[in-house]
Amino acid sequence: MPLSASDRLPHQVLKYDLTAHMGGFVIIASDGVWEFIESQAGCELVGKFLDSTGSSLEAVTKLIETSAAKWRQEEGDYRDDITAICIHLTPELFASQIHP
């Protein structure tokens, strides 16, 4: 099940060891992205694009485009901030890490 920042207490700093999630991804996004997209649906959308293209940029671009389209459908010309970052947890990402 996807976790979101809203699942945690505000102003809490958490540290996770993500090496166990190699091949997965992390989405960091403003609340506007999730206004009309459920967390699970957003994760499935990003996962689909990462599987087909391997590109975090293409995956997060599709998430933002989908969110913008849903805002337009629901609210017309108005929309909240829809900023997002996707980090693909690849072996190359962890290879540069220095472990004590």
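What percentage of the 100 residues in the protein is buried? In this predicted model, buried residues make up 26% of the 100. The legends below describe the overall fold, the aromatic residues and the cysteines.

**Figure 1. Overall fold of the protein, with four helices and two strands.** Along the sequence, the elements follow the pattern β-α-α-α-β-α. Of the contacts between residues at least 6 apart in sequence, 67% join residues at least 24 apart. The protein exposes about 7,300 Å², of which carbon and sulfur atoms supply 55%.

**Figure 2. Close-up of the aromatic cluster formed by Phe36, Trp71 and Tyr78.** Ring pairs link these residues, and the count of aromatic pairs in the model comes to two. A pair of aromatic rings is described by the distance of the centres and the angle of the planes. Both values are given for each pair in the two legends that follow.

**Figure 3. Close-up of the ring pair of Phe36 and Trp71.** The ring centres of Phe36 and Trp71 are 4.9 Å apart and the planes stand at 80 degrees, so the pair is edge-to-face; the cut-off for this class is over 60 degrees. Phe36 belongs to the loop between α1 (31-34) and α2 (39-53), whereas Trp71 belongs to helix α3 (residues 56-75), so the pair ties together parts that are 35 residues apart in sequence. Phe36 has a relative accessible area of 28% and is therefore partly exposed. Trp71 has a relative accessible area of 5% and is therefore buried.

**Figure 4. Close-up of the ring pair of Trp71 and Tyr78.** Trp71 is buried, at 5% relative accessible area. Its ring and that of Tyr78 have centres 5.8 Å apart and planes at 75 degrees, so this pair is also edge-to-face. Tyr78 has a relative accessibility of 52% and counts as exposed, because the threshold for that class is over 50%.

Figure 5. Cys43 is in no disulfide, and the nearest cysteine sulfur, that of Cys86, is 9.2 Å away. A disulfide is a covalent bond between the sulfur atoms of two cysteines. The criterion applied here requires the two sulfur atoms to lie within 2.5 Å. Cys86 counts as buried because its relative accessibility is 11%, with the limit for buried residues set at under 20%.

Terms used: Residues are numbered from 1 along each chain as its sequence is written. This is a predicted model: local features need pLDDT of at least 70, side-chain atom pairs count only at pLDDT 80 or more; totals for chains, interfaces and linings use all residues. Side-chain values use heavy atoms; hydrogens and water are left out. Buried means under 20% relative accessible area, exposed over 50%, partly exposed in between (1.4 Å probe, protein chains only). Contact means heavy atoms within 4.5 Å. Accessible areas come from the Shrake-Rupley method with a 1.4 Å probe; for residues, only the protein chains shown count as cover. Rings of Phe, Tyr and Trp (its six-membered ring) pair if their centres lie within 6.5 Å; planes under 30 degrees apart count as stacked, over 60 as edge-to-face and the rest as tilted.
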